Amino acid sequence: CISISPSGKAEAPAKRQKTAQGADTVRGRHILLRHQQVRQADAMLRRDPGRTVQETEELALKTLETLLKTPNQFPKLCRELSDCQTGEHPGQLCGDLGWIAKGQMDAPLDEAIFSLAVNEFSDVISGSRGLHIFQRLA
């Protein structure tokens, strides 16, 4: 995983800091990209894009590459691409998941977001709702 400093430069991951909420919670945001193989009903679904798995993977990798180069583009990319309703949140809250407790999400997603340092982006993570790109905020 890669951490982005406030200046926008990539840095080696820093030691994870404890949050105001405690060590068992983190604050994060994400971009969700669904594909045709996801059959699970999703109350948080903004739209059904009808993309193939390959198209979704390519889009996710391109999106992550853009975020690593220009992390301040997160709200814009989230609003344009995310299939989750959180993509409709205003401004910097776009994609915001709020405070997340350990065990609240699918195990691979939980492991991914809890392993990040503050401001770090995850790799593309596959979950039951589609492909995710997480950023830990606190």
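Tutor: Lys-69 is exposed, with a relative accessible area of 60%. Here exposed means over 50% relative accessible area, buried means under 20%, and partly exposed falls in between (1.4 Å probe, protein chains only). This is a predicted model, in which local features need pLDDT of at least 70, side-chain atom pairs count only at pLDDT 80 or more, and totals for chains, interfaces and linings use all residues. Residues are numbered from 1 along each chain as its sequence is written, and side-chain values use heavy atoms, with hydrogens and water left out.

The partner of Lys-69 is Glu-65: their side chains form a salt bridge, 3.5 Å from N to O. The term means a side-chain nitrogen of Lys or Arg within 4 Å of a carboxyl oxygen of Asp or Glu. Glu-65 is partly exposed, at 47% relative accessible area. Both residues sit in helix H1, four residues apart, which separates them by about one helical turn. Helices (H or I, at least four residues) and strands (E, at least two) are DSSP runs, numbered from the N terminus.

The structure holds four salt bridges. Take the one between Asp-96 and Arg-27, at 2.6 Å from N to O. Asp-96 belongs to strand E4 and Arg-27 to strand E3, so this pair ties together parts that are 69 residues apart in sequence. Asp-96 is buried, at 9% relative accessible area. Arg-27 is partly exposed, at 26%.

Now Arg-51 and Asp-83. Their closest N and O atoms are 2.5 Å apart in another salt bridge. Arg-51 lies in the loop between E3 and helix H1 (53-69), and Asp-83 in the loop between helix H2 (74-81) and E4, so the pair ties together parts that are 32 residues apart in sequence. Both Arg-51 and Asp-83 are buried.

Go back to E3, residues 25-33. Eight of its nine residues are buried. Strand E4 (residues 96-101) runs antiparallel to E3, joined by five bridges. Two strands pair if DSSP finds at least two bridges between them. Val-26 has Ile-100 as its bridge partner in E4. E3 also pairs with strand E7 (residues 130-136), again antiparallel, over six bridges. There, Leu-33 stands opposite Leu-131.

Next, the nonpolar packing. A nonpolar core is a set of buried Ala, Val, Leu, Ile, Met, Phe, Trp, Tyr and Cys residues joined through side-chain atoms within 4.5 Å. The largest has 13 residues, of which Ile-31, Leu-67, Phe-74 and Phe-121 touch the most other members. E3, H1, H2 and E7 each supply at least two residues. H2 gives the most to this core, with four. Another core lies apart from it, with nine residues, including Val-26 and Leu-109.

Finally, the rings. Rings of Phe, Tyr and Trp (its six-membered ring) pair if their centres lie within 6.5 Å; planes under 30 degrees apart count as stacked, over 60 as edge-to-face and the rest as tilted. That rule gives one aromatic pair. The ring centres of Phe-74 and Phe-121 are 6.4 Å apart and the planes are at 20°, so the pair is stacked. Phe-74 lies in helix H2 and Phe-121 in strand E5 (residues 120-121), 47 residues apart. Phe-74 is buried at 0% relative accessible area, and Phe-121 is buried at 1%. Beyond neighbours within four places in sequence, Phe-74 is in contact (heavy atoms within 4.5 Å) with residues including Arg-29, Cys-94 and Gln-135.
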